[in-house]
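Subject: Handing over the structure

Hi,

As promised, here is the structure for you to look through.

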Amino acid sequence: MNDMTITRAEREAKLEGMGCKRKRVEDIRFTQGKGNYVDDVKLPGMLHGDFVRSQYPHARIKSINKDKALKVPGVLAVLTAEDLKGVNLAWMPTLAGDVQMVLADGKVLFQNQEVAFVVATDRYAADDGINAVEVEYEALPVLVDPFHSMDADAPVLREDLAGKTEGAHGLRKHHNHIFEWTVGDKDLTDAAFRKAEVSIKEMISYHRTHPSPLETCQCVCSFDKIKGELTIWGTFQAPHVIRTVVALIAKIPEHKIHVIAPDIGGGFGNKVGAYPGYICAAVASIVTGRPVKWVEDRIENLTSTSFARDYHMTTEIAATREGKVTGLRVHVLADHGAFDACADPSKWPAGFFNIVTGSYDFPTAHLAVDGVYTNKAPGGVAYRCSFRVTEAAYCIERAMDILAQKLGMDPAELRLKNFVRPEQFPYHSALGWEYDSGDYHTAMKKMMETVDYASLRREQAEKREAFKRGETREIMGLGVSFFTEIVGAGPSKNCDILGIAMFDSCEIRLHPTGAGIARVGSKSQGQGHETTWAQIIATEIGIPADDIMVEEGNTDTAPYGLGTYGSRSTPVAGAAIAMAARKIKAKAQMIAAYKLEVHEDDLEFDIDGFRVKGLPERYLSMKDICWAAYNSPPPGMEPGLEAVSYYDPPNMTYPFGAYLCVMDIDVDTGVYKVRRFYALDDCGTRINPMIIEGQVHGGLTEAFAIAMGQEIRYDDAGNVVTGSFMDFFMPTAVETPHWETDFTVTPSPHHPIGAKGVGESPNVGGVPAFSNAVNDAFSFLGSTHIQMPHDFWRNWQAAKSLGVV
Amino acid sequence: MTKTHVTMTVNGTQVEGLVEPRTLLVHFLRENLQLTGTHIGCETTHCGVCTIDIDGMSAKSCTMFAVQAEGSEITTVEGMANADGTLSALQEGFRQMHGLQCGFCTPGMIMRAHRLLKENPHPTEEEIRFGIAGNLCRCTGYQNIVKAIQYAAAKINGEEFKEAAE
């Protein structure tokens, strides 16, 4: 069976294992329109549900009259909070220890909040029904500005919390206060500031934005009352968690709930949480005895499901005159909207924001976060970031630039001076994390050399002189950003969601002919898992990736896993895959030893099979071993070749990167041009470079949108003024810059294959690069910090306030 | 609501159906004809995932009534593969150049690129970017989508595709 005519390289190429730019298997169906998304699920007798929503941001509900709606042809039912109370589902637990109304109970707390659920034979009839539901409101004072949430005379938003001084994360200081989270050594940090030769202080805001995957949130719920089983097809990033949560709150036994996440049209964190639509569709299916589909429209998506960010970060750095940082002090005011429905692991009310020391060796730091309620949509999500890491990275990267400006130092030089050094890894940060590995200096220097940083700075200096002489109206900015992400949530010792530990899982089953299936607890929303997971297995056990089918998203067949968000798939599920493969390999080795009549220790794994050490012709391929595993296993050994692994990681992983944005801004119009954008990422071992590059492009495009214009904005009366793609900036191919990508490889020491995760890095590192470029452009005119988003109008405003127009 | 009879040719086959006058074309395609390749993303003509080809023009089927398509000739993504079932040059281009991730924008993107290449068989990068500006992508940005269209253009024109240097 040993074909010696095939070279080693050819055998390796045939596997399409790790490191190979394997073309995606998903694309065969997607390019032909043969994907199967939730809205493609159609069941006999299926009904459609849609919401009556509040036009008021804060109002008491005086009455809801369903009579006219129930007379509309096709309308079968109208659910309100009163109906949900009958099944104990008027309120649901959030992911953050709070509770949230499923349908408005007594009053509404944000514009477009769900008030009633109309169920009809088709979506047009449901829409007619919505228009016929009569709701009488009494308007209440509206609270929009989080900085006034805790004013003495601020309106009471959450009447259900009246008198409660204790929240899920400690004391509540005010009736609109959610939690205060502090971490770090306050005394030591305060002392560092007292002794500081230089310090800076700036209020750095990261505005409210929204993930907006092109497919909105949706589900089909079908309750079989004969069997007592509930099947839910949904846009779920974490299907198993949804199943457990439904079992806990709806009191349906977990084995009688089938959750299926089919193809998902982008997630970006938006599809982690549980939304009223899912609950209402399930209840409606139980009530009507028919399947019920709920499909969110774009306005609903933008105004009611999971915003992102909205952090206002007062940031201080203490340093020496030479530019060595000595302390970091950050206070965050976090606007969580009407319900604290943020998607964060249970123990972290502000997620992993305490990565805010970034890539720098701060001897001491202190962080305090206050979460407050406002009349805005709930549910801050980890939008293309690992739980508030984007905010932290933006905060520290902006602050380092401000410090550099104050010291008269180059921002890149200041960073190089303060980076955690390679020999310090594993590195214990002042705010409690252990960074697994990194080589920041190499990454930064590679970036600076590749873009010829020195000559860009010279060009900028010349342009500034020309501007001062009145020869040009264009200013040039260099946005340097260096980030360390924290991903791979996570180790059960410190990560859980609603008490559910955050491990992940894989089951591999090889069939007699040497082909097999891998079922994984993660759930792709475009990340290409069907392609890359098979590549890990190919390298680990020597079966070609084409012979491994990957399946995810069906709780009946996949092992229990925590799903895909926060760049956790490769760090956690990817490790589970490698470990399951290694279990298979160990059994295969025993079988090979028996067949080749040698001791196991005399065998070595060689690309696609086992070989007797020193005797190259005595070899058994994995394919042969598969056949033998079923049909002639060693005496006493169980037949079959399959394994399951539940992987609880020992630590998070810490990918990092060095980015540079070169931007020109016309001060008279505020129009900017991104001349160049370079992104160097280090995500450890690279499984599929093509997919990594694609993810970096996508993340940078989203970072560009956020930094340069995208915002969920409310007027003073609490109206959302960015509720459609008309007003919410979505970059097209025309304005999106060209991306240059690069990499270094610093494997994670604790991950079985050394991989760290990459999908979010470009968003985490990209936003500060854009913002730093704008701020750098204006800095020579005396400005220290201009708030995002930096659209043309705001750039022009900045120029105006600096007196140059 | 009174229903209206509509007939049209979709992917070369004559089809008919009864629809309410307010029925959107995208719903007619997806619900009546079971052609689910055409997606719905914004319902305001901004995102382009519902783009189809109608009488030789690109159109967004989420803001067109089915009755407006009476008698017309429509191509959807389901009609884009080669006659022998293999991927067409455009579909192959998206796969080869990694021009998609979640695949939700892909059918609309392919339909728009199809018409773009009919109108302009030799587009520059700038023309491609402008030509697909009505179609949004959230996952993979646009760089590889542009390459996918360049790949298809070369293949259709019988030229060798050369990837531009980074």
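This is a predicted model: local features need pLDDT of at least 70, side-chain atom pairs count only at pLDDT 80 or more; totals for chains, interfaces and linings use all residues.

Residues are numbered from 1 along each chain as its sequence is written, chains are lettered from A and ligands numbered from 1 in the order in which they are written, and side-chain values use heavy atoms, with hydrogens and water left out.

**The four-stranded sheet**

Helices (H or I, at least four residues) and strands (E, at least two) are DSSP runs, numbered from the N terminus. Two strands pair if DSSP finds at least two bridges between them. In chain A you will find an open sheet of four strands, in the order 27-26-25-31, with mixed pairing. Strand 27 (548–552) and strand 31 (641–647) of chain A are its edges, each pairing on one side only. On average, neighbouring strands here are turned by 15 degrees against each other, direction ignored. (Axes are lines fitted to C-alpha atoms, for helices over the stretch in contact, and angles run from 0 to 180 degrees between N-to-C directions.)

Strand 25 (residues 504–510) and strand 26 (residues 516–520) of chain A run antiparallel and are joined by five bridges. Look for A:Cys506, which stands opposite A:Val520 of strand 26.

Helix 14 (residues 529–541) of chain A lies across strands 25, 26 and 27, at about 130 degrees to strand 27. Helix 15 (residues 569–596) of chain A lies across strands 25, 26 and 31, at about 145 degrees to strand 31.

**Two hairpins**

Strand 28 (residues 603–605) of chain A pairs with strand 29 in the antiparallel sense over three bridges, and A:Leu603 has A:Val612 as its bridge partner. Three residues separate these two strands in their hairpin, and A:Ile607 in the turn has a positive phi of about 65 degrees. Strand 29 of chain A also forms a hairpin with strand 30, with two residues between them and a positive phi of about 80 degrees at A:Gly614. Four bridges join that antiparallel pair.

Buried means under 20% relative accessible area, exposed over 50%, and partly exposed in between (1.4 Å probe, protein chains only). In a regular strand the side chains alternate between the two faces of the sheet. Both faces of strand 29 (residues 609–612) of chain A are covered: A:Gly609 and A:Arg611 are buried on one side, A:Phe610 and A:Val612 on the other.

**A covered helix**

Ten of the 13 residues of helix 8 of chain A are buried, including A:Tyr278 and A:Val283. After this helix comes A:Gly289, with a positive phi near 75 degrees.

**Two buried residues**

A:Thr209 is in strand 12 (residues 198–209) of chain A and counts as buried because its relative accessibility is 0%. Its side chain makes a polar contact of 3.2 Å with that of A:Gln710. (A polar contact is a pair of N or O atoms within 3.5 Å; within protein, one must be able to donate a hydrogen and the other to accept it, and residues adjacent in sequence count only if both atoms are side-chain atoms.)

A:Glu215 sits in the loop between strand 12 and strand 13 (218–224) of chain A. The side chains of A:Glu215 and A:Lys271 make a polar contact of 2.8 Å.

Happy exploring!

Technical notes:
Contact means heavy atoms within 4.5 Å.
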